[in-house]
Amino acid sequence: NAVDAKEIDKLVHNNKVVVFMKGNPEQPRCGFSNAVVQILRMHAVNYDSHDVLQSDALRQAIKDYSNWPTIPQVFINGEFVGGCDIMLQMHQNGELIDELKKVGITS
Amino acid sequence: MSGYTEEHLKQKLTEKLEATHVEVTDESDGCGGKFSAVIVSSQFQGKTLLQRHRLVNAALAEELKTIHAFSQKTYTPEQWAAEGH
């Protein structure tokens with residue numbers, strides 16, 4: 001039972017910020033996913049999260065959808081932003097604040 | 001376990017991205033599943049962070065099927081020089 005692109009499309013547009021990760025925000029199961037959770041926590045962002053460890057179909061579908069090979073993946077306003085490295089750099093250089101501001105989130 | 005070596009990844013990145021400087025570090029204690037990389041290439045010029053990372057991911061498309069953790073830092077030669085290298 002594959003997850004089709006339409007379902008992913010719905011998921012990524014369901015909240016201003018959507019994260020696909022290993023584990024959940026309360027209990028990340030990988031350091032990279034944990035880093036993204038910590039960054040979003042610092043900016044006090046309210047977001048949707050989806051645990052790819054719960055579904056191989058989802059894990060494959062999200063990689064295909066974004067054409068990105070690794071987890072975590074972060075979407076803002078339905079647009080793929082990047083993985084852990086990109087989030088970390090955007091956090092460090094202030095870009096993340098601007099991106100969040102654009103969608104009405106002040107951190 | 002993917003079994004790739006630092007040397008293999010370095011060679012591939014250098015070739016595909018015409019990189020002027022590449023550092024690859026195996027962080028898996030040698031089992032070849034977790035790497036970090038620093039890549040300096042003029043191909044990154046004028047590209048956003050996401051576009052740069054997509055270039056790197058494309059260069060390692062085959063390897064990333066089995067490498068389970070890969071972290072990257074991308075610089076243009078100018079940015080690299082500005083960092084004091």
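Predicted model: local features only at pLDDT ≥ 70, side-chain atom pairs only at ≥ 80, totals over all residues.
Residues are numbered from 1 along each chain as its sequence is written, chains are lettered from A in the order in which they are written, and side-chain values use heavy atoms, with hydrogens and water left out.

**View 1. The largest pocket, with a volume of about 490 Å³.**
Here a pocket is an open set of points on a 1 Å grid over the protein atoms alone, where a 1.4 Å probe fits and protein lies on both sides within 12 Å along at least five of seven lines, and lining residues have an atom within 4 Å of a point. The volume is the space filled by probe spheres set on the points, which are joined across faces, edges and corners. Of the 19 lining residues, Lys63(A), Trp68(A), Pro69(A), Thr70(A) and Leu64(B) are the closest to the centre. Two or more lining residues come from each of α3 (56-66) of chain A and α2 (49-59) of chain B, and α3(A) gives the most, with four residues; helices (H or I, at least four residues) and strands (E, at least two) are DSSP runs, numbered from the N terminus.

**View 2. The second largest pocket, with a volume of about 280 Å³.**
Among the 20 residues of this lining, those closest to the centre are Phe32(A), Thr70(A), Ile71(A), Ala69(B) and Phe70(B). At least two lining residues are supplied by each of α4 (84-93) of chain A and, in chain B, α2 and β3 (69-75).

**View 3. An open sheet of four strands in chain A.**
The strands follow the order β4-β1-β5-β6 with mixed pairing, where two strands pair if DSSP finds at least two bridges between them. Because β4 (48-51) and β6 (79-82) of chain A stand at the edges with a single partner strand each, one side of each has no neighbour in the sheet. Strand β5 (residues 73-76) of chain A runs antiparallel to β6(A) and is joined to it by three bridges, and Ile76(A) stands opposite Glu79(A) in β6(A).

**View 4. The contact between chain B and chain A.**
In this view 11 residues of chain B are in contact (heavy atoms within 4.5 Å) with 11 residues of chain A. Together the chains bury about 1,100 Å², 61% of it on carbon and sulfur atoms, where buried area is the accessible area (1.4 Å probe) that two parts lose on being put together, summed over both. In chain B, Leu49(B), Leu50(B) and Arg54(B) lose the most area to chain A, together 43% of what that side buries.
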